[in-house]
Amino acid sequence: MKGAGILLAIALVQTVCAVFFVSDILLTVIGLRTTPISWQTRELLEIGAAVGLLLGVVLGWLALSRTWRRARRAEAKLRAASGAFMELLDERFDDWGLTAAERDVALFAIKGCSLQEIGALRNTSEGTVKAQTNAIYRKAGVSGRPQLLGLFIEYLMAGDLVPEQKDKDQSRRTA
């Protein structure tokens with residue numbers, strides 16, 4: 001909310017300053033200005049508008065740099081979560097006692113590949129892939145791909161993927 005207020009203030013200041021400059025030029029060109037203003041007042045108005053525009057530029061850069069920092073943090077968290085998810089997959093595959101071939105097939109199945117696509121990627125027949133997926137489901141204690149995916153979605157929703165983030169959140173709550 002604070003960031004939105006700052007951006008709104010930036011937009012408002014820049015709009016007022018731009019309206020001043022544009023209206024001043026238009027009034028002069030069209031000849032609608034009936035009473036001239038003193039040069040001191042005019043200079044003060046122009047200086048104020050220029051300072052407002054510069055302030056808008058500075059605040060705009062600050063907002064942009066904050067956005068870049070947030071994006072970098074979000075990308076780092078995503079990389080950490082991705083790595084943690086792969087560790088989670090490996091742990092579960094170890095727990096289930098999957099062979100190397102079954103691990104490959106399980107990973108492709110979790111990614112959403114069809115039996116035909118998995119067979120083509122692994123240079124094996126569709127029947128072999130089907131037998132491997134059935135062995136995976138049996139070892140995982142599920143009846144099919146939707147339940148297998150459901151297991152991993154539950155792990156994701158539990159929020160246990162990035163331990164260091166979880167530890168930071170817990171230390172904030174206790175402090």
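Student: What makes residues 7-32 helical here, and how far apart are the end C-alpha atoms?

Tutor: Over residues 7-32 the chain is 92% helix and 0% strand, with the end C-alpha atoms 34 Å apart. Helices are DSSP runs of H or I with at least four residues, strands are E runs of at least two, and both are numbered from the N terminus. This is a predicted model, where local features need pLDDT of at least 70, side-chain atom pairs count only at pLDDT 80 or more, and totals for chains, interfaces and linings use all residues. Residues are numbered from 1 along each chain as its sequence is written, and side-chain values use heavy atoms, leaving out hydrogens and water.

Student: Why is Leu32 called exposed?

Tutor: Exposed means over 50% relative accessible area, buried means under 20%, and partly exposed is in between (1.4 Å probe, protein chains only). Leu32 has 54% relative accessibility, so Leu32 counts as exposed. Leu32 sits in the loop between α1 (2-30) and α2.

Student: What makes Arg103 and Asp94 a salt bridge?

Tutor: The cut-off is a side-chain nitrogen of Lys or Arg within 4 Å of a carboxyl oxygen of Asp or Glu. For Arg103 and Asp94 the closest N and O atoms are 2.0 Å apart, so the pair qualifies. Asp94 is exposed at 51%, whereas Arg103 is partly exposed at 21%.
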